[in-house]
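Please open the model in your viewer and keep the selection panel at hand.

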Amino acid sequence: MQAYEERLTAPRSWWFIAVLAGVAMALILLPLGTVPMLGGLVGGGALAAVAVSSYGSVRIRVVSGALLAGDARIPVDALGTPQVLDAEEARAWRTHKADTRAFMLLRGYVPTAVRIEITDPADPTPYVYLSTRSPERLAEALAAVRAS
């Protein structure tokens, strides 16, 4: 049973920048001829697109009693009550309130987040910070999984 799933994709402007990277590579190789210029356009654009795609492919899921965020897999039993953060509070928790021991899956282009205390005494991680476009839904999904 899957209670929640979200993919934090990169914004459209980043894809435009990837195209511009291909154009820039083409302009750099223009003095070498048409074929290298076209190769630079395709190669530079492809490399930039791969970088944008890989950075924007992170997923947050609540599945089978666990929170999966990027590479982390955390049992819901080890989590406290989720705290929904608006844009201002999320910015504070990823800057001056941040703890260096925390697990932070953050994307600067996503303004809202969820902060969840880690209740496992054996885990040195104080909390999990997750950038999410729908923090209320994620908090509800975690509460629903904990209740069941």
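**First stop: helix α2**

Select G40, G44, G45, A48 and V52, which are the buried residues of α2, where buried means under 20% relative accessible area, exposed over 50% and partly exposed in between, with a 1.4 Å probe and protein chains only. Looking down the axis of α2, you will find these buried residues within an arc of 110 degrees, so they line one face of the helix; the arc is that of the directions from the helix axis to the C-beta atoms. This is a predicted model, in which local features need pLDDT of at least 70 and side-chain atom pairs count only at pLDDT 80 or more, while totals for chains, interfaces and linings use all residues. Residues are numbered from 1 along each chain as its sequence is written, and side-chain values use heavy atoms, with hydrogens and water left out.

Helices (H or I, at least four residues) and strands (E, at least two) are DSSP runs, numbered from the N terminus.

What should the 22 residues of helix α2 (residues 34-55) span at 1.5 Å a residue? The expected span, 1.5 Å times one less than the number of residues, is 32 Å, and the end C-alpha atoms of α2 are 32 Å apart, which agrees.

**Second stop: the sheet**

Select the four strands that form an open sheet in the order β5-β7-β8-β6, with mixed pairing; two strands pair if DSSP finds at least two bridges between them. At the edges are β5 (79-85) and β6 (103-105), each of which pairs on one side only.

Next, pick β7 (residues 113-118), which is joined to β5 by five bridges, the two strands running antiparallel.

**Last stop: helix α4**

Finally, select helix α4 (residues 135-147), which lies across β5, β7 and β8 (127-131) and runs at about 160 degrees to β5. Contact means heavy atoms within 4.5 Å, and axes are lines fitted to C-alpha atoms, for helices over the stretch in contact, with angles running from 0 to 180 degrees between N-to-C directions.
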